[in-house]
Amino acid sequence: MAIWEWLLDAALVLLALLLLYVVGLVLRRRLLGRHGGTFELAHRVDASRPGRGWALGVGRYADERLEWFRVFSLSPLPKSAWARAELEYHGRRQPDGDEQMALYPGHVVITCTGPRGAVELAMAPETVTGFQAWLEARPPGAEMPGGARS
């Protein structure tokens, strides 16, 4: 077998793997959406350097949790999840400098406090309204961050 035939076979195998990966991403996104609507949600996984550390993904409300899935992962499990009772909303801001290139277009950055400290998320402005309503819709008697009861 000539070298060009080996190269052609290798290129076809790589193309098939890439196609399977893309099909897997599409199927995963559809499966995630079956259990409730998903929305574009970026999460700052590393805040050690200003403007850096953002990862694109999708969010989904599941029971009393906000689940975050990486956009380019095939895993059906969320990479991070935050319980509604443990999150406290602090505000929103426009993306700064490098963040504008790292985030979805038109998204705003929101800051919350969770059990492990500060949580920065980026979502569309209309999604922030839904997020705030979800946070405020805690069941009666649920404990809010800081020990207060709703």
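**Reading the fold and core of a predicted model**

Me: Which residues does F131 touch, not counting residues up to four places away in sequence?

Reply: Touching here means contact, with heavy atoms within 4.5 Å. F131 touches Y61, L66, L87, Y89, I110, C112 and M123. Keep in mind that this is a predicted model, where local features need pLDDT of at least 70, side-chain atom pairs count only at pLDDT 80 or more, and totals for chains, interfaces and linings use all residues. Residues are numbered from 1 along each chain as its sequence is written, and side-chain values use heavy atoms, leaving out hydrogens and water.

Me: Which residues touch the most other members of the largest nonpolar core?

Reply: A nonpolar core is a set of buried Ala, Val, Leu, Ile, Met, Phe, Trp, Tyr and Cys residues joined through side-chain atoms within 4.5 Å; buried means under 20% relative accessible area with a 1.4 Å probe, protein chains only. Here the largest core has 17 residues, and L66, L121 and F131 touch the most other members. Its largest share, four residues, comes from α3.

Me: How many helices and strands are there?

Reply: Both are DSSP runs numbered from the N terminus: helices are H or I, at least four residues, and strands are E, at least two. This protein has three helices and nine strands.

Me: Why is the protein called more spread out than a compact globule?

Reply: The radius of gyration is taken over C-alpha atoms, and the globule rule is 2.2 Å times the number of residues to the power 0.38. For 150 residues the rule gives 15 Å; the protein's value is 19 Å, well over that, so it is more spread out. Its C-alpha trace spans about 75 × 35 × 25 Å along the principal axes.

Definitions and conventions: Buried means under 20% relative accessible area, exposed over 50%, partly exposed in between (1.4 Å probe, protein chains only).
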